[in-house]
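Visitor: Before we look at any detail, could you guide me through this model and give each cut-off where its term comes up?

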Amino acid sequence: MSESLQQILDVSVFWEYRTVLLRGLAVNFYVFACAAALALSLGLGAALLRISRQRLLRWAGTLHVEIFRNAPDYIMVVWVHFVLPLLIGTLLHTRFELNPFVSAIIALGFVYSGYFAETFRAGIEAVPGGQIEAGRSCGMSERLILWRIVLPQVVRRMLPESINQFISLFKATTIVSLIAVPDLMYQVSMIIQQEMRPLPLYTGAALVYFAVILVASYALRAASERWRNKIFT
Amino acid sequence: MGNWQRLVWNQRDALFSGLVITVEICVIAFACAIVVGLLLCLVRMYVRPLRFVAIGLIEFFRATPILVQLLWVTYVWPALFGWPDTFFTAAWVALALQSSGYLAETFRGGIEAIPRGQREAAYSVGMPPLLVFRRIVLPQVSLSTAPSLVNQFTVIVKSSTLVSVITVQDLMFQSQKIVNIWYEPIEILTATAAIYIAIVFLVSTAGKALADRLRYRYGIALA
């Protein structure tokens with residue numbers, strides 16, 4: 001017990017590999033940023049489909065949301081990495097391969113677009129109908145109404161909820177290590193295979209993620225509170 | 001269609017045994033998460049000296065990715081505490097830890113939402129604190145947090161796919177094993193994804209309906 005405690009407290013391994021590990025953490029942030037951008041744009045699209053007046057489009061939006069909100073992210077990552085290239089390859093009659101980075105971003109982006117779509121929808125539905133009618137009666141086009149009247153309010157309203165989703169998306173980026181994207185977790189496993197010392201390395205990884213996520217969530221929440229107060233008062 | 005039969009239907013025994021493991025892990029983890037979450041929440045709210053320990057644990061469980069926690073519990077805990085001794089145990093312990101952090105916060109929200117006057121009324125008629133908790137607080141909290149509980153269970157099901165990484169033979173593990181035998185991932189991975197999506201969809205739809213009905217029956221306004 002005391003010996004293993006000593007091992008855990010020994011951070012020298014972590015320090016020794018700091019450049020590789022930091023590069024891994026940067027990969028986490030990179031995958032997160034790309035997946036978040038994809039998820040936000042797809043989510044907005046799906047939300048607009050869900051409130052559209054055509055029944056078919058509405059169904060398509062609902063299907064998108066239900067599939068991706070209910071899918072475990074790990075199986076989606078594996079599916080996109082191993083099945084999607086085969087399907088595309090058969091369609092194009094060539095050999096097709098996806099870079100693990102690309103598969104990770106596509107999979108996480110699609111999965112989280114389901115959650116974001118619901119947040120967007122709730123935000124859009126909270127905008128009073130009278131405002132949209134007022135926009136129409138001034139002769140604004142639907143697109144202009146969306147950009148000038150609806151979206152600015154939606155963004156502010158959905159901020160607290162979407163911060164939670166950004167945090168879970170960031171946490172989900174750790175699973176991309178399983179398809180060999182060289183993120184922090186992947187580097188940690190590689191080092192463990194070399195050094196055979198899982199105790200300090202896994203504990204260190206857990207603490208690094210804990211610190212990053214805790215700081216990010218508190219900072220984001222404080223910033224969004226301030227911003228919302230400034231605008232809503 | 002031949003491929004679907006060969007790779008999915010003929011493998012149904014393996015997939016089913018995997019599904020059983022998945023269900024077992026999720027149910028055990030969920031039950032433990034409720035107990036541990038409630039404990040953490042009560043310690044945080046009512047046990048002054050241990051308050052910061054509870055807050056630290058809750059924040060740690062919530063802010064660490066599940067994969068990291070899973071590997072941490074599996075490979076670090078045995079050396080530290082001599083437990084968990086099997087991968088299966090490690091799997092549900094990790095899932096339970098993660099959810100207990102979230103549930104502790106859910107329960108806290110539920111308890112804080114109960115008007116103070118109710119507790120004061122109970123104390124003033126001479127009920128001891130434990131009875132107040134059991135008769136007045138707990139019934140209302142379990143109803144008001146029911147939708148969040150259902151939601152957390154679906155999160156556990158989704159995260160449970162990761163236990164295949166530590167070689168627990170759940171549905172995900174079985175399907176990847178089939179992929180590794182035949183090298184034909186299209187059908188089996190698609191089927192597995194569909195099974196998971198269907199399970200999570202059913203659990204969340206049925207759970208929400210049940211929660212709403214209970215809340216309606218016992219007179220708590222629908223959120």
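**Helices, packing and contacts**

Visitor: How far does helix H10 (residues 184-195) of chain A reach from its first C-alpha to its last?
Guide: This is a predicted model, in which local features need pLDDT of at least 70 and side-chain atom pairs count only at pLDDT 80 or more, whereas totals for chains, interfaces and linings use all residues. Residues are numbered from 1 along each chain as its sequence is written, while chains are lettered from A and ligands numbered from 1 in the order in which they are written. Helices (H or I, at least four residues) and strands (E, at least two) are DSSP runs numbered from the N terminus, and H10(A) is a helix of 12 residues. The expected span is 1.5 Å times one less than the number of residues, which for H10(A) gives 16 Å, and the helix is close to this with a reach of 16 Å.

Visitor: Which residues of H10(A) are buried?
Guide: A residue counts as buried if 20 or more other C-beta atoms, placed from the backbone, lie within 10 Å of its own, as exposed if 12 or fewer do, and as partly exposed in between. By this criterion the buried residues of H10(A) are A:Leu184, A:Met185, A:Tyr186, A:Gln187, A:Val188 and A:Ile191.

Visitor: What is the handedness of the crossing of H3(A) and H7(A)?
Guide: Helix H3 (residues 18-50) and helix H7 (residues 100-125) of chain A pack with their axes 5 Å apart, at an angle of about 45°, the axes being lines fitted to C-alpha atoms over the stretch in contact and the angles running from 0 to 180 degrees between N-to-C directions. Angles under 35 degrees count as roughly parallel, over 145 as roughly antiparallel, 65 to 115 as roughly perpendicular and the rest as oblique, so H3(A) is oblique to H7(A). A crossing is left-handed if the near helix is turned anticlockwise from the far one by less than a right angle, and right-handed if clockwise; that of H3(A) and H7(A) is right-handed.

Visitor: How is H10(B) oriented relative to H11(B)?
Guide: In chain B, the axes of helix H10 (residues 171-182) and H11 come within 9 Å and cross at roughly 170°. The contact brings B:Leu171, B:Met172, B:Ser175, B:Ile178 and B:Val179 of H10(B) to B:Pro185, B:Ile188, B:Leu189, B:Thr192 and B:Ile195 of H11(B). Because of the crossing angle, the orientation of H10(B) to H11(B) is roughly antiparallel.

Visitor: How many nonpolar, polar and charged residues are on the side of chain B that touches chain A?
Guide: The contact takes 32 residues from chain A and 30 residues from chain B, and H11(B) supplies the largest share of the chain B side, 11 residues. Ala, Val, Leu, Ile, Met, Phe, Trp, Tyr, Cys and Pro count as nonpolar, Asp, Glu, Lys and Arg as charged, and the others, Gly among them, as polar. On that basis the side of chain B that touches chain A divides into 22 nonpolar, 6 polar and 2 charged.

Visitor: What percentage of the residues of chain B count as buried?
Guide: Chain B has 11 helices and 0 strands, and its C-alpha trace spans about 70 × 45 × 25 Å along the principal axes. Of its 223 residues, the share that counts as buried is 41%.

Visitor: Which peptide bond of chain B is cis, with omega near 0°?
Guide: Most residues other than glycine have a negative phi, and most peptide bonds are trans. B:Pro84 is found in the loop between H5 and helix H6 (87-112) of chain B. The cis bond, with omega near 0°, runs from B:Trp83 to B:Pro84.

Visitor: What is the phi of A:His93?
Guide: A:His93 is found in the loop between helix H6 (84-92) and H7 of chain A, and it is exposed because 7 other C-beta atoms lie within 10 Å. Although A:His93 is not a glycine, its phi is positive, at about 55°.

How values were computed. Contact = placed C-beta atoms within 7 Å.
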